[in-house]
Amino acid sequence: MKIGLIENKNEWNDAVLSLGGTLYHSWEWGQTRAHVGWHPWRVMVQEGDTPRAAAQIFERRVPLARSSLLYAACGLAGNDSNPEIVNTLAEWMRRFAAERSAILLRIQTRFDDREAARKSLLCSAGFRPLEDQWSLWNPPRANMVIDISGTEEQLLKKMRKKHQEHIKRAPRSGLKITATDGIDELRVFYGLLLKSSERQGFAVRDFDYFLQIREQLLTAGRGSLFLALMEEHAVAGILCARFGSTCHFLYGGFDWQTRQVHANEALHWDAIRWARNLGCVSYDMLGAGTFYPPAEGNPGYGLYNFKEGLGADLIYSAGYLDLVSKPVRYSALRFVERHTGWVNAARKVRSAMRRLSNAPNASRNTPDGKSKRFAIMRSLRIRIKRGGFWRATRDAAGTLLPSTFQVWSLTIEKVRGEAPARDGVKLLCGAEATSVLKKFRTHATALPVEFYRDEIDNIQTCFFACIGNRPAAIAWAYDHAKPAHFLRMRPGDAEIRSVYSLAEFRGRGLAKTVIAAACHSLFREGFQNIYAVIHFRNEASLRAFRSVGFTKVAELSRPPLFGPRYLTAEQRVESWLDAIARGFRF
C-alpha cells in the first residue's frame, strides 16, 4: 500500500469519482479554494494501481503564528472503515503536518454521527473529536439533502403543499427561470447576493471568487447559474454545481422587495430537474442554518424550515476530528473558535465594505471625492484579503505616520539602454503581462499585495519578470488619471509604482530589468516624463531607479496617506495650506 500526492487533474477526478467522493474532493473545487488562499494537496492511498482512499487537504498559512492550518474537506473519499488504510493515512498526515509546520490537520467527516465505529477508528488513530456544530472555516455538521432519485411526481409529493403551490404558480405569474454561465448574468446574481447579505448580515466573497467558480465549474459543464426573471428583471438566483451523482447548491440571493413571487422554490425545482437530467440522485442544500436538533424560535430556523419544506432530510455528521501538531498554538486556536463574536463583527464590516466598493457604477457616477472614498475602501478590503488582517492593519497605521519620501524623475533624453536579457528570465509587458499574472495567481497563493495592484487600483499595465513558471519581479505603471498620494501629474506623465522582487530571486537585478522595460515601453507609448516616489531608506529601490537614469527632483516630509504633493507641471511641492484645502474638497 502506497501514499502519494497526485498532480494530474484527470487521474485525481477519476479516482475520487470511483471512491464515491464529493464536489469538495474534486480538482475544480481545489482550484477554486486556492483562489482565496487555501492551497490544495491531493493525497491518494493506492494498493498497486487501485485507489483505496483519497483526501483533498487544504493549507492556509498563518504568518502571525508562523504556522499553517490544514483541513481535509469532507473527510476521506473511499474506505474510511478499514483500520489499515486509516492508520496508514493518519501516520502520513502526522508527518505531513509536521513538515508544513501546521498547528493541526482537521478532518471534516461526512458519515452520520450514529456510525460510532467509524468515528472510533479515527480517534484510535490519534484524532481528537470536537463537539462543535460548526467552525469558522469548515462547513457545518448539520446538512440538508434531498433524494431526487424518484419520479418528479414523487418529489413534488414529498414537498410541503405551500411549496408545491408556489412551484406550480410560478409560470402563471410570469416568472421565468433561465440557466446560464454568462459573466453578465453572474454580475446580476452577485448583485442579488449582496442585497441578501445586507439584509441578513452574512459575509460575501468578492466577485473574483465567483469568476473563479464560473471558470472551474460552470464553463466546464459541472455547474449552472439559475436566474428567476420577472418582466426581464432578475429577482432571485442560485448557483449549483454537480460532481458524480450529487448536485450541490452553493449560493443563493434574492431581492426582498419581490419576495411575494416566491421565486426560490421555483429556482430549486428547476435546479433539481436539471440535475436529474444529468444523472444526479442527490441534491445537497448545504447547512441547516440552525442548531441541532432544530427548534422553532432558534436563530436560522426559517432556513431549515424552508429546506425541509422542499423535501430535504437532515443529516448530522460525526463532525470534526483534529490531528494536533502544536498543542500550545492549538489551544489558542480553539479559544478563538469558541469566541467568535469579534470574527463575526469583522466579517460584517468586510461585507459592508464589499457592498460599497462593488456598488454599481460607484466610481463613475459619483463626485470625485466620493469616488476616492470607494477606491480607498476597495484597496483596504483587497489588502486584507491578499496580505492578511494584521499586515493590512500595520500598513494602514503606517500611512498616518510622517516620514520622508524622495521624488525621482526620468525624461526620454536621459533614459539609458534597456537592461540586457537574462538567461531563463521571461519579461512580459502591458496587458499581456497582467493576463499572465492572473493565471499565476490561481496557483501561487502567497504572493504579496504588490502582485495585486490591478485589483486594488483598477489598472491593467504591469511589467512582469518570471523565471520558469514562477513569478519573480513586477512593476506597475500609472498615468495622470489614476489615484496618486504623492504626485499630481499632467497628461504625458507616468509613475512607476509597487516595484517588487520576491525574496528568492533578489540579487539578480530583476528590479532594474522591469523598471527599464517599463520606462522604454512608456516612452514608446508617447509619455514624456516618468516619476517614482521612494522611501528615503529604501536603498535597493534607490539603486535600481538610479541605475536606469532617474534623478532626484524633490523630497516630501509627510504621512503617506495625506500631505503636500509634488506638482509635475510646476516642478514644485505644494504648500501644506494647499494640501489642507484639497483635503476639505475631498
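Visitor: Between which two elements does the loop holding G509 lie?
Guide: Welcome! This is a predicted model, in which local features need pLDDT of at least 70 and side-chain atom pairs count only at pLDDT 80 or more, while totals for chains, interfaces and linings use all residues. Residues are numbered from 1 along each chain as its sequence is written, and side-chain values use heavy atoms, with hydrogens and water left out. Helices (H or I, at least four residues) and strands (E, at least two) are DSSP runs numbered from the N terminus, and the loop with G509 lies between β21 (493–501) and α17 (510–524).

Visitor: What is the relative accessible area of G509?
Guide: Buried means under 20% relative accessible area, exposed over 50%, and partly exposed in between (1.4 Å probe, protein chains only). G509 is partly exposed, as its relative accessible area is 30%.

Visitor: What distance separates the C-alpha atoms of G509 and A544?
Guide: Along the chain, G509 and A544 are 35 residues apart.

Visitor: Is strand β6 largely enclosed or open?
Guide: Strand β6 covers residues 102–108. Of its 7 residues, 7 are buried, so the rest of the structure leaves β6 largely enclosed.

Visitor: Which residue of β15 stands opposite R106?
Guide: Two strands pair if DSSP finds at least two bridges between them. On one pairing, β6 runs parallel to β4 (residues 67–72) over 5 bridges, with Y71 as the bridge partner of R106. Strand β15 (residues 320–324) runs antiparallel to β6, also with 5 bridges. There, the residue opposite R106 is D322.

Visitor: Which residues are linked with R106 in a network of salt bridges?
Guide: A salt bridge is a side-chain nitrogen of Lys or Arg within 4 Å of a carboxyl oxygen of Asp or Glu. By this rule the count comes to 24 salt bridges. In the network, R106 is linked with D132, D322, R334 and E337.

Visitor: How are R94 and E91 separated in helix α3?
Guide: The side chains of R94 and E91 form a salt bridge of 2.9 Å, N to O. R94 is partly exposed at 33%, and E91 is partly exposed at 35%. Because they are 3 residues apart in helix α3 (residues 83–99), their separation is about one helical turn.

Visitor: Is K119 buried or partly exposed?
Guide: K119 meets D113 in a salt bridge of 3.9 Å, N to O. D113 is partly exposed, with a relative accessible area of 30%. With a relative accessible area of 16%, K119 is buried.
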